[in-house]
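Please keep the sequence and the structure in view while reading.

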Amino acid sequence: MMRMKKSLKKTTGLIALCLSVVTLSAHSQPIAHWTTQNGVNAYYLQNTSVPIIDINILFKAGTLFDNQHPGISTLTANLLKEGTKKYTGDDIAKQLANQGALYETKINRDMIKLQLRSLSDPALLNAVLPVFHSLYTTPTFEEKNITRLK
């Protein structure tokens with residue numbers, strides 16, 4: 001468990017490469033781009049014709065980086081939704097479901113993608129953003145969840 005925490009801290013410090021806040025778009029729209037103070041590239045595409053917001057966070061991680069620990073990237077990505085310092089796994093599932101939001105992780109060879117899809121209504125979005133943020137900033141990696149998901 002400690003190894004995973006160190007690995008995630010090291011990974012997030014090095015590889016938070018892209019935050020994209022994108023709504024579904026049927027038209028060609030200009031994509032705004034900026035770099036945050038901590039060096040994260042952010043991209044934004046707005047389309048107000050659909051009341052949905054997609055937030056994708058891409059980490060330079062994945063099976064290519066598993067090295068001596070095959071499956072560690074998949075296990076780590078799957079553990080994120082199992083609990084954080086503030087929310088249990090059940091709390092996370094209920095909070096997202098109650099607001100009609102969807103959360104997904106995708107593990108590829110060279111990246112892990114965390115994706116949140118929510119209605120763009122401010123009351124709904126503001127209820128799920130703290131939960132989503134906690135998934136990648138304060139996961140707990142409890143031993144019981146590690147054992148269950150291995």
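Is strand 4 (residues 52-59) largely enclosed by the rest of the structure or largely exposed, and how many of its residues are buried? In this predicted model, 7 of the 8 residues of strand 4 are buried, so the strand is largely enclosed by the rest of the structure.

**Overall make-up**
- The protein contains 5 helices and 6 strands, and, read from the N terminus, these elements follow the order α-β-β-β-β-α-α-β-β-α-α.
- Of its 150 residues, 36% count as buried, while the accessible surface comes to about 9,100 Å², with 56% of that area belonging to carbon and sulfur atoms.
- When contacts between residues at least 6 apart in sequence are considered, 67% of them join residues at least 24 apart.

**Strand 4 and its partner**
- Strand 4 pairs with strand 6 (residues 112-119) in the antiparallel sense, and the pairing runs over 8 bridges.
- Phe59 stands opposite Ile112, a residue of strand 6.

**Thr105 in strand 5**
- Thr105 has its place in strand 5 (residues 102-107), and it counts as buried because its relative accessibility, 17%, falls under the 20% cut-off.
- Leaving aside residues up to four places away in sequence, Thr105 touches Ala77, Asn78, Lys113 and Leu114.

**Aromatic pairs**
- The count of aromatic pairs comes to 2, and one of them joins Tyr103 and Phe132 in an edge-to-face arrangement, with 6.0 Å from centre to centre and 65 degrees between the planes.
- This pair links distant parts of the chain, since Tyr103 belongs to strand 5 and Phe132 to helix 4 (residues 122-137), 29 residues apart.
- Both partners are buried, Tyr103 with a relative accessible area of 17% and Phe132 with a relative accessible area of 3%.
- Phe132 also forms an edge-to-face pair with Tyr136, for which the values are 5.5 Å centre to centre and 70 degrees between the planes.
- Phe132 and Tyr136 both lie in helix 4, where they are 4 residues apart, or about one turn of the helix.
- Tyr136 is partly exposed, because its relative accessible area is 23%, and buried would require a value under 20%.
- Taken together, Tyr103, Phe132 and Tyr136 form one aromatic cluster.

Notes:
Residues numbered from 1 in each chain as written. Predicted model: local features only at pLDDT ≥ 70, side-chain atom pairs only at ≥ 80, totals over all residues. Heavy atoms only, no water. Helix = DSSP H or I, 4+ residues; strand = E, 2+ residues; numbered from the N terminus. Buried < 20%, exposed > 50% of the residue type's maximum accessible area, 1.4 Å probe, protein only. Contact = heavy atoms within 4.5 Å. Areas by Shrake-Rupley, 256 points an atom, 1.4 Å probe, with all protein chains shown as cover. Pairing = 2+ DSSP bridges. Phe/Tyr/Trp six-rings, centres within 6.5 Å; stacked < 30°, edge-to-face > 60°.
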